[in-house]
Structure formats: C-alpha cells, structure tokens
Amino acid sequence: MTTQLLTVVVLTCLGYLLLTNVVAMVFILVGAVENAVRRHDSRSADYSTLASSRFTIPVSVIVAAYNEEAVIENTVRSLLDFEYPEFEVIVANDGSSDGTLERMREAFALEPYEVFVRRILQSEEVRGIYRSAAHPNLVVLDKANGGKADAWNAGLNVARYRYVCGVDADTVFDRNALLKVMRFAIQDPARVIGVTSQITTAKNPERMLAAPPGRRPVDSEPLMVYQLLDFLRAFLNNRLAWSRLGFMLCSPGGFQIWRRDVLEEVGGYARSFTCEDIELTFRVHERFLRERRDYHVHCLPDSIGVTEGPDSIAKLIAQRERWQRVINETVVHYRRMWFNPRYRSVGLVGAPFYLLTEVLSPAIELLGIGSLVAAAALGLFEPVAFVAILGAMAFTNAALTACAILFDDLQSRMYRRRDLARMLMLAPFDLVLYRPFIFWARLKGSWRFLRRDKGWYKFDRNVRAA
Amino acid sequence: MLLRIAVSVFAVSFVGWIALSLTVVLGRLWYDARYRNPSVSVSGRRARRLLRRAARPARTDWGSWRRVAALTRLARARHSAAPRLLRRALEDPDPAVSAAAVRGLGALGDEWAIEQLIDALRRGHVSRSRVASQLERLAPLPGAQLLRLLSDDDPTVRFWGATLLAGYPEIGGGSLVALTRDEDPNVRAAAAETLGERPGHGAADALLALLDDPEWFVRVHAARSAGHVVGAAGAPAIAHLLSDTRWWVRTAAKDALRALGREAVPALVRVLGSPDRFARNGAAEVLQDIGVVDQLAVQDPQSQLLARIYAAGGERLREAAELRAATRARAEAA
C-alpha cells in the first residue's frame, strides 16, 4: 500500500514537472515571436528624432529610497543622465535612518522649499521637500516611514507628467532606458497604460553599465551569474510571452512605467501588501478587464538597467523569501480571477499559471523530494533512474536557460563572448548550485505567508570596490 | 518505464542544450564579424533583395518587419528607388509599414519628402504625431508650407499647423492670433502655446483674452505663454489664475509667475490677502521660489511683507526659509 502510494506521489510530481516544462516551452515559442517582432521594431526606430522632439510625452520618474545611503547617489545620477526631452526625478526618502538624505543633500546641493502639492493619494506625512540647485528637474521628498508603496504614492502626488516611472533605488539605468520604453507607449498612449522592460542583475551595477554593449562583464561569482540567468529567464522566457498573450502580470518595481491617470484611478500603490509591484499589476488588469476596457500592459525585451543582486546566500534567501510571500499574497487575494473567463487570458492562463508554478510549487516540490528520498530508501527505483531523472531535470533547465541567453543575445548583443560561454556552461549546474537555495527561500516565504508575516527584511547593500 | 522516460528526456534536453549553446556562440561570432563595420550604402545583389522586400506587401508580422527594415535601409542609403517605394508604403494599411515610410521620408528630408509629409499630415491616414515629429526635426525647411495648414477645414490639421509653427517665429503671427478664437479648444491651446515664443502681432491681447477661456487646458497654455509675451503687465491676470478651480491651471500660473521673477512681485503680494487658500499658498510659494523670502529673511527679518508671506504660506514655508538661511550662513562662514 505504502509502495503504491509512494509511486503515485512520485509520478504525480514528475507529471507536474513535465507539465510546467511543457508550458515553459510554449511560452518560449510565443516569446521567440515577440522577441523577434520587438527586435525589428527597435532596430527601425528613429531614436534621435524621439530624443529631441517636443511631442515626446514627458515622464515623472519616482524613486522610493529607504536606507539607501550606499547606492542612492549613483542611482539618481543615472536617472538625471537619461537621454530624454523632458522628465523630472522625484526621490521619496521613506524615513531612512541612515544618511540617505544627507548623502543626496551633499551630492545634489539640495535646499528645503515649501511646495504645495495635490494630495490625491494617501501617504505618511511629508516632512520636507527639497529642490536641487544643480538639477532643476530633481525633487526630493523627506517623509515619515510608510513603506515603498507609501513612498511611491507620495511621489505620485508631486508628479507633474502624464506618465510616471517607478524605479528602485538600487538600480542604475542605461542613458536611453526611458526613450526605449516610452517609444512603445508613445505609439499608442490611449491603450498602452503600462510598460516595463528587461532588467538584469549584478553585484556592482555601475561597473557592469560602465562597459559599452557587447563588452559588458558578467560577475565572476557563480551566485551572481545564476541570479542573472534567473532574471533573463523570467523576462525573456516568460514575460515576453505573457505580454504577447495579454496577461503581463508583473511589472517589476525596478522599472515600471504607468499612465498616471490609471494609477490615480486605481488608488495608487497598495500599502497593505508586503510588496507593491505585482499587486498593482494584478489590480490594473482586474479593473480594466472587469470594466471591459481596451488596454495593454507590456514587457519589452530591451535590457535597460542593472539592479544590485544579493552577493551572499543569506541575502538571496531573504530577498526571494519576500518575493514568494508577495506572490502568494497577491495570487490568493485575486482568487476571484482564477479560471474566470470574464478576465480573459489573465483569468484563464495568467493567474492559474502563477497559482500552479509559484504558489503551489514549493509544496509540490517538497512532496516530490520527500517521496523520491523515501522511494530511494525503500528501493523502489534503481539508483540509475535517479541519476537519469536528475540529469533530465538539469539539462531541461539548462536548455531553457540557453533559450533565454539566445533571446537576450539576439536582442541586445550585450555581454562579452567569453561570458556568454561561461553562462552556458554554468547552466546545467543550476539545479544543484542555485535551485536548492531558491527552493528553501520559497518554502520559507510560503510558511511566512501562512503566518501572515508582512515584514520586508531588507538586506545590507553589497560592499563595492572603491 | 520510468528509467526509459527519464533517459529519453535527458538525451533530448542534453542535445537541446548543446544545440542552443552552439547557436548562441556561433551566432555571436557571425554577428561580430559581419556588423563590426556596418555600411550605409547598398548596392548590387543586396540592393535588389532589399528592393524586392520593400515593394512586396507583407502577409505576416515577420514579412511586415522585413519590409520595414528594407525600407529603412534604402531610405538611409538614399537609394534612387526609395522615394517611389516610400510613397507607396505611406499608403499601406499596415501601421508599421506606413510609420517606416514616415521615418524614411524624414531621412530623405528633401523638398519632395516634405511635401509628402505635409500631405500625410493633412490626410491623417498615418499617425499625425509621427509626421509632426519628422517635420519638426526638418526645421527650417518646411517653413512657409506649414502656413496653409492653419486654414485647413480639419481642426486637427490646424492644431498641428499651429504647433509646428513654434519653430518659425518670423511667420504666421497674424494667423496664429486669429486661431486663438478658433472654435476648437485644441487649436486655441496650440495657438496660445506657439504665440508664447513670439511677442508682437497682437499676441499679448489674444493671450490675455485666453486666460478666461472656458476650457482649462487652454488656460494652462495661455498662462504659460502670457508670462513670456506680456511680461509684468500680464502678472495680475496670471496671478488671478492661482485661484483657478483646476490644479493644472494653478500650476501653470505658478510656473509663469516664477518665470517672470521679480516683475511678478507686486501682483503676488496682492494675492497674499486673497480669501482663496490655494491662491495665498501659491503666491507665497512663488515668492519663495524667486528669492524674495530669502532676501527678506536676511535683510529685513522683521518686515511686514515677510510676515504676510509666512502667514500665507504656513509654518513649513517659514521653517524651510530658516533652514536655507542657516545652511547658507554656515557655507559662507566655512
């Protein structure tokens, strides 16, 4: 009886694995088409006209900063350096207890001013507003701590332009990031309400961005390489396909452009969730589909910035645990969308996909590993079968990763050739060198979700070489 | 059974990984070798292939982008067949192809291309903002040809004509003033914006009249432009907009008064006693931004005017001023 039960469990888990991989391959095929279309679209674009035209829609860039003393100056400088006709940068210092505000005050010659702004969205008290003597398009808000969503809402109240771009304080951007993404929004501002684009990760983002495309170095530590591969897979193997199929359900906090009137209409960023980006994307879809409005939320393949990745396993687990929690919170909160035809592809594919591959997967993976170990102990399978299963999983994973690398290289020709080769060689070992930590983080995140824990557990910034 | 399936999946995925890896590496080597020194000119077999692609209507997305790429290459290379192909592509129902034609015409940039772009702007069968971007980039060549857009029957064409004339301060002043009385509010707003760059031609009176326009976005443009054109004489009328019902109009009024600088002070001081809180706040904010508060705080901290500004702007405006003064004093001492 036990043996039969165990066999059923093992086969069910392997079936789940097969199903998720088949779905992943379908997404890759759809993503390949989207990638090709966007590549051609981007190559024939007239960026120089767009960069100088008065008709290019202005953008308010909002940065939420909490204890970002180590990185804030570089981030703001990279934003001020955008090649774009008209934009403003609004930094919301969310009650930092370190020297974030002092650092900005010195770097950008900030002076306090009283500015009377609209209060469309609720936020914690804004204690002061600073303007830069050196950069007229920089505004800094100093506010009481209320979380990232609260900081973004405070920034939205100050924003003057029709589109707003929310960015993280630990991300630095290409000069033409805004141009590349807004080019897409400008083509159809009536329908395009949200756009994001590919962001990569590195231990030291400034170092990576300092090199020109084609010569961008990839970190030497395998932990950083695996995180980069993870990002490439998330954006190029998944989100491009979601975009094409109409259920782009995660505009990441690192870089997300929204039409401001849409954000105001849906009530801004939600403060009651652990993290705000994925919840906002779900909420926008829910609202527009419920009201049967024509809209588009899109993800582009262009690599536009680099975010700081955790450089230790403990930090990585803290970050991914939080991501798991917020996914669970959001997917469960919007359970009315699951398998609901009223929400079209979002309800029939997107939300169930999240449920299957994100919310339920830690439990299924735990069950699979436990049953496999038990099966081995009971001698149900020969050792060679285990090796074959592990090999199949490792190389299926590696093939999916190689697809993402291929898409990225076709799109951007970003990395050095030797780094491409190194990434490809490391891909099969992802299963043993990286996935166990992610698995543990997801288990931890799911457990904390069940305990209704909503802490942020911010990790320390990486130490940069001088 | 399980073993057979696992071994099969392993073999397929292993071969897949090898194949994809080789594709990445070899593809990159090929790309680096081929595109290290990209050439603009096209000739011979390559030109014939591009001409074929550019002429052929596409049935799929893929075909459409190949056609777009071919049109772009030919236009950049100024190939002799480019004008004919671009003209045809401009009529294409596929928006990607017609947009490529607009870009191509912008790249050609000669008199014929400008004529085609203006015609496209009038007909509106391609995105007018794309066409306008190209015409704006080609300034000053389109010049007088834009004038006829101002009298078009279609208000959208008149709007774009008025907008594009911003790059030509020497022409069309009278027509723009006439357009400030256009029945379409978008046209009035565009005329107001463009007149902001050109004093004279009766622009001042027209802009002052538009400050009372029933449409809020017309008042926004009129406020900004009146600041430039009318100067100090227009400050009282602009300051009146500090109590407008629309936040955007109040913001535009603040911007305009800020740009006027010290010339706006008398008008702003009058608003400090307004019964409207927004107007009082706005006036105090602008007086702060143009340096009046800082100057008074140093030279005459007990002045009545400073007290009135603080009363209108609130405690935080005073605190900010004191902080600035302290910071500057520290910097000077250092």
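Q: Which residue meets the side chain of A:Asn397 in a polar contact of 2.5 Å?
A: This is a predicted model, so bear in mind that the contact comes from computed positions. A:Asn397 is found in helix α14 (residues 383-412) of chain A. Its neighbours, not counting residues up to four places away in sequence, are A:Asp430, A:Leu431, A:Arg435 and A:Arg233. The one whose side chain makes that 2.5 Å polar contact is A:Arg233.

Q: Is A:Asn397 buried or exposed?
A: The cut-off for buried is under 20% relative accessible area. A:Asn397 comes in at 9%, so it counts as buried.

Q: In the salt bridge between A:Arg416 and A:Asp419, which residue is buried?
A: The two side chains meet with N and O 2.9 Å apart. A:Arg416 has 23% relative accessibility, so that one is partly exposed.

Q: How much area do chain B and chain A bury between them?
A: The contact draws 59 residues from chain A and 58 residues from chain B. On the chain B side, B:Trp17, B:Arg28 and B:Arg316 lose the most area, together 16% of what that side buries. Carbon and sulfur atoms carry 63% of the buried total, which is about 5000 Å².

Q: Which element gives the most to the side of chain B that touches chain A?
A: Polar contacts between the two chains come to 18 residue pairs, both residues at pLDDT 80 or more. Elements giving two or more residues to the chain B side include α3 (61-76), α7 (128-137) and α19 (315-333). The top contributor, with 20 residues, is α1(B).

Q: How many salt bridges are there between chain B and chain A?
A: Over all chains, the structure holds 68 salt bridges. One that crosses between the chains pairs B:Arg328 with A:Glu111, with the closest N and O atoms 2.8 Å apart. For chain B and chain A, the count is 8.

Q: Why does the salt bridge of A:Arg54 and B:Glu136 join two chains, and where does B:Glu136 lie?
A: The side chains meet at 2.9 Å, N to O. A:Arg54 is partly exposed at 39% relative accessibility. A:Arg54 sits in the loop between α2 (47-52) and β1 (59-65) of chain A, so the pair joins two chains, with B:Glu136 in chain B's helix α7.

Q: How many residues apart are B:Arg258 and B:Asp289?
A: These two form a salt bridge, the closest N and O atoms being 2.9 Å apart. B:Arg258 lies in helix α14 of chain B and B:Asp289 in helix α16, so to speak distant parts of the chain, and the separation is 31 residues.

Q: Which residues are linked with B:Arg258 and B:Asp289 in a network of salt bridges?
A: B:Arg258 is partly exposed, with a relative accessible area of 25%, whereas B:Asp289 counts as buried at 16%. Chain A puts in A:Arg131 and A:Arg160. From chain B, the other members are B:Arg224, B:Lys254, B:Asp255 and B:Glu285.

How values were computed:
Residues are numbered from 1 along each chain as its sequence is written. Chains are lettered from A and ligands numbered from 1 in the order in which they are written. This is a predicted model: local features need pLDDT of at least 70, side-chain atom pairs count only at pLDDT 80 or more; totals for chains, interfaces and linings use all residues. Side-chain values use heavy atoms; hydrogens and water are left out. Contact means heavy atoms within 4.5 Å. Buried area is the accessible area (1.4 Å probe) that two parts lose on being put together, summed over both. A salt bridge is a side-chain nitrogen of Lys or Arg within 4 Å of a carboxyl oxygen of Asp or Glu. A polar contact is a pair of N or O atoms within 3.5 Å; within protein, one must be able to donate a hydrogen and the other to accept it, and residues adjacent in sequence count only if both atoms are side-chain atoms. Helices (H or I, at least four residues) and strands (E, at least two) are DSSP runs, numbered from the N terminus. Buried means under 20% relative accessible area, exposed over 50%, partly exposed in between (1.4 Å probe, protein chains only).
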